[in-house]
Amino acid sequence: MSLTPTRKRSTQLLATPLETIRGVGPRVLEKLAKLGLHTVEDALYCLPFRYEDRRQLKKIAQLLPGTDQVFAGEITYAAETVTPRSRKKIFEAMVSDGSGQVALKWFRYRGDWMKKQFAVGRKAVFVGEIKRFGPLREVHHPDVEFLPEGADAETILHADPLSFGRILPVYPLTEGLPQKSLRKVMKEVVDRYAPLAVSAIPDDIVRRAQLLPLAEAFRQAHWPEADVSLAALEEGRDAARRTLVFDEFFFLELGLALKRRGIVLEEGIPFQVEHRYTRPLAKMLPFRLTAAQRRVLGEIKADLMAPHPMNRLVQGDVGCGKTIVALMAALIAIENDTQVAVVAPTEILAEQHYLQFHRWLEALGLRCALLTGSQSGKEKREILDAVRTGAIHLVVGTHALLQEGVEFRQLGLGIIDEQHRFGVRQRGVLKRKGISPHILVMTATPIPRTLSLTLYGDLALSVIDELPPGRTPVATKVLTESSRERAYNFIKKELGQGRQAYIVYPLVKESEKSDLLAASEGAAHLQAEVFSDFKIGLLHGQMKPDEKEAVMDDYKKRRIDILVSTTVIEVGIDVPNATVMLVEHAERFGLAQLHQLRGRVGRGADQSHCLLIRSQRCSEDGLKRLQVMTETSDGFRIAEADLEIRGPGEFLGTRQSGLPDFRVANLLRDGRVLEEARQEAFRLAAEADFMTHPRYEEVRQVLMERWGSRLELASIG
């Protein structure tokens, strides 16, 4: 596809290296590269992370603590002093303007230079954050502009429009690149190159969404107008940033919309549903499916019977019964003479699924296998041969299942668990293991809506929003290490009434050995010193699947009173008689993990308890997470809080998440803009001639440039 001349020229010019900008020599170029800035386009998208209001000169008496302010005054005192406590040297100056005085302090400075510059009687304009200590105001490391002899402050304000008399951008910095130098570079880039930025979003969408021209959006985002609201800028609600966010979300959502449309146009394998295996399984289950499980199963069946492949996400909170729904879907695929692959992100999760699935499948006369990276070559080869010939009906595995050399006789259904740890590409790899197989994605980690729309925008969504009957809310308490004895006594009381408990140890270091050591030593100490009258069992990640199964079986049959474990029990264990979950060093766990662990109790009619023991050195974020656990048991509210505390990258584990690298958009702040952009993108993608009409040529081109490889959109263009 050829670009129109204007767009092609614009794209080429925005790729101009920054060394062509006035004031960018080799030293500055090196500093800019550390910030990830190489081209003028990189610089345009490097928006200020905050703004300083330098529109007005304030009297010292008017300075408000906690704000950045501009003020002028005369130096009345300046000297190097030593702090009484730390015995460190600081440079201190006092400034007065007749209305009051303010102290200036520097903790890093060149002594000789400071003494020379800050002579008593000199006048200057100062900018910085006002702090209050007792009756006195202070500013640490202020920006300083000394006034020439006889000049007043207003003269300086008008003479330097890059630094005063306006709202100024504050950019991320690196050592050796001061804010003033970076502002000069950015001003040059914006003045020369922002006018070349042209949006490919169709005009009718621009009008409906009330967007600014892209060039204007860049100009205003970097150098706001004098009358704009500082609060709107700080919160990202100004028209300029909204335009740039919409532009970014629009093309991502357009790619996801086309991906979904492409799936709808693909030919799949329409299954027949005769209940050859699902009906016998339903009779074997010790419980009835909930209305929500039956509804979601109905949605899955309708997809499986359609002539195009299913691409569905099943979301549900801890303990809602997603696994049984996935097993039912797998049995429909198997009765249609196809195979099923279940992919989990870790060996522990893969083993959990295998232990659950193989029991039911074998009872139905079907074969199930587990494939992981740590298996021996011989064991792996035997499994791969059986998968290739179709002797194995369902195979559970980690990323090992996605590797070359894993071949199916006919893959009919791929099930991906904890999808947020896999990217779009892994889904694509699994699809290529068969001829347009159906794909079912599951997550027990409730994902906030904004993340769902960016990660799973091409998937149909089902939510299991009902827990099985008989579940009781779990009472959650945070305790310090000094209260451990009290927690142990409480557990003894519960055990004395015939109930059971879990005690979980975290991963101490990044190694299974220390994980195992903590749990093993903990179990030995508890058995010998604390719970000698009760039977303790140990479960950890280095045990073989059949050993784990034996321990879990003993626990379910009440041969074990307390199960001491690492996080292998995060999912998949259902023991209604267990009423206490004690988590050691709870601050080391993420919120989603704590929520999963808590979900192991509260599965019976008795009141259950979750005791979170934190260390004395718990961080502020750790305390926030634990506080959330005591306030709610709603998985979606917990996920929202987790997202706020940790941010999207860490919430998902950025490396595996497939989450796009947004340059401007912020998923926490810009949810409303995402919804608008998604609506418009899906509307455009639904137009019959979108893929062929010349008027959409630029839109398709920009989509390929930005998201083509990330979203596997090879067919667009």
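**View 1. Tyr45 and Phe218 in the predicted model.** Tyr45 counts as buried, at 10% relative accessibility; buried means under 20% relative accessible area, exposed over 50% and partly exposed in between, with a 1.4 Å probe and protein chains only. Phe218 is buried too, with a relative accessible area of 2%. This is a predicted model, in which local features need pLDDT of at least 70, side-chain atom pairs count only at pLDDT 80 or more, and totals for chains, interfaces and linings use all residues. Residues are numbered from 1 along each chain as its sequence is written, and side-chain values use heavy atoms, with hydrogens and water left out.

**View 2. Aromatic pairs.** The whole structure holds 13 aromatic pairs. Rings of Phe, Tyr and Trp (its six-membered ring) pair if their centres lie within 6.5 Å; planes under 30 degrees apart count as stacked, over 60 as edge-to-face and the rest as tilted. The Tyr45 and Phe218 rings are edge-to-face, because their planes stand at 90°, with the centres 5.0 Å apart. Ring pairs also join Phe91, Trp106, Tyr109, Phe118 and Phe146 into a cluster.

**View 3. Helices H12 and H13.** H12 (residues 291-305) and H13 (residues 322-335) pack at an angle of about 30°, their axes 10 Å apart. Helices are DSSP runs (H or I, at least four residues), numbered from the N terminus. Axes are lines fitted to C-alpha atoms over the stretch in contact, and angles run from 0 to 180 degrees between N-to-C directions. The two helices, H12 and H13, are therefore roughly parallel (angles under 35 degrees).

Note on methods
Angles under 35 degrees count as roughly parallel, over 145 as roughly antiparallel, 65 to 115 as roughly perpendicular and the rest as oblique.
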